[in-house]
Amino acid sequence: MNLINTITRAEAHDIRFILMDIDDTLTTKGKLSAGAYQALWDLKRAGLKLIPITGRPGGWCDLIAREWPVDGVVGENGAFVFWEEHGVRKELFHPSAVPNDHPILKHIREQLSTYVPQVRIAKDQFARLFDYAFDFAEEEPKLPLSVAEQVRDIALSCGAQAKISSIHVNVWLGQYDKRSTAELFLSEHFGWRAGIEDRAIFFVGDSPNDEPLFERFPLTAAVATITQYHHYMHAYPRFIAGMEGGEGFAEIAAVLLNTRRNA
Ligand SMILES: [Mg+2]
């Protein structure tokens, strides 16, 4: 990983889409800072297309698509994309997304309440359409990563998909992830060509659940928070910010915009 200010003018110039995780990438200790939100507006006003990619629920993504300066939001780890077009909130559901009232997900919940009783259903569960989120580090008492790994392993053994974020373990049944749905939206909605226009994408994340995107795209960055996970990582981003969370995102945005201005 190199510091973000080593990005070249040519690299910064070719970027058209900024994709970013939300929790601990745009937020700092759970809050969306003024600086990070301003950075979104600055990038948007510079003509870049912005697409947050999150494990957060449908109910939140409806708000984000309508009220934030974004061009789409991938939610529930890739179950869907919401965006606004001519004043109408549109949606694309991944073809394999399965609603979260499925009996396999109910069975997993029962298994977890028996074998990992300390883990909690996330408080944002009521707003979810396709997945279950189990909280291990959003609220106090924060539980060790080993508890999240136990949850993931039980879900996987029951035939579900499971991903650990910095706060939740998300469990779902469809064959999708953040990366595959982001690519589907980019190609269907913007005519982006995979393999030919990969350098038009810039992704910013913070943790191991962002690895599929770090691995997929040549231009990626992480906020400094990522250094705490380096024992768990297999794929690293190309660049890193000096600061953590939303301050790190604002730092990355400022470097990108300055470098483009000088290109
Ligand atoms: Mg995150």
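The structure is a predicted model, in which local features need pLDDT of at least 70 and side-chain atom pairs count only at pLDDT 80 or more, while totals for chains, interfaces and linings use all residues. Residues are numbered from 1 along each chain as its sequence is written.

The protein chain contains 8 helices and 15 strands, where helices (H or I, at least four residues) and strands (E, at least two) are DSSP runs numbered from the N terminus. Its radius of gyration, taken over C-alpha atoms, is 18 Å, which agrees with the value near 18 Å for a compact globule of 263 residues; the globule rule behind that comparison is 2.2 Å times the number of residues to the power 0.38. Along the principal axes, the C-alpha atoms of the protein chain fill a box of roughly 60 × 40 × 35 Å. Of the 263 residues, 45% count as buried, a residue being buried if 20 or more other C-beta atoms lie within 10 Å of its own, exposed if 12 or fewer, and partly exposed in between, with C-beta atoms placed from the backbone. Among contacts with a separation of 6 or more, 61% are accounted for by residues 24 or more positions apart, a contact requiring that the C-beta atoms of two residues, placed from the backbone, lie within 7 Å.

The protein chain is divided into domain 1 (2-93 + 176-261) and domain 2 (103-172), with bounds that come from an automatic or database domain assignment. The C-alpha centres of domain 1 and domain 2 lie 24 Å apart, and 15 residues of domain 1 are in contact with 15 residues of domain 2.

Back at the opening pair, strands E6, E7 and E8 form an open sheet in that order, with antiparallel pairing; two strands pair if DSSP finds at least two bridges between them. The edge strands, each pairing on one side only, are E6 (73-75) and E8 (88-93), and the twist averages 25° from one strand to the next. E6 and E7 (residues 80-85) are paired over 3 bridges, with Phe-82 in E7 as the bridge partner of Val-73, whereas E7 and E8 are paired over 6 bridges. In the hairpin of E7 and E8, 2 residues lie between the strands, and His-86 takes a positive phi near 50°. Helix H3 (residues 58-67) lies across E6, E7 and E8, running at about 30° to E7; for such angles, axes are lines fitted to C-alpha atoms, for helices over the stretch in contact, and values run from 0 to 180 degrees between N-to-C directions. Helix H6 (residues 178-190) also packs on the sheet, touching E6, E7 and E8, and its direction makes about 145° with that of E6.

A further set of antiparallel strands involves E10 (residues 132-135), which is joined to E9 (residues 120-121) by 2 bridges, with Arg-120 opposite Asp-135. E10 also pairs with E12 (residues 168-172) over 4 bridges, and there the bridge partner of Phe-134 is Val-169.

Ile-252 is found in helix H8 and is buried, with 28 other C-beta atoms within 10 Å; its C-alpha atom is separated by 6.3 Å from that of Ala-241, 11 residues apart along the chain. Helix H8 (residues 245-261) has 17 residues and reaches 25 Å from its first C-alpha to its last, close to the 24 Å expected at 1.5 Å a residue, the expected span being 1.5 Å times one less than the number of residues. The buried residues of H8 include Phe-249, Ile-252 and Leu-256.
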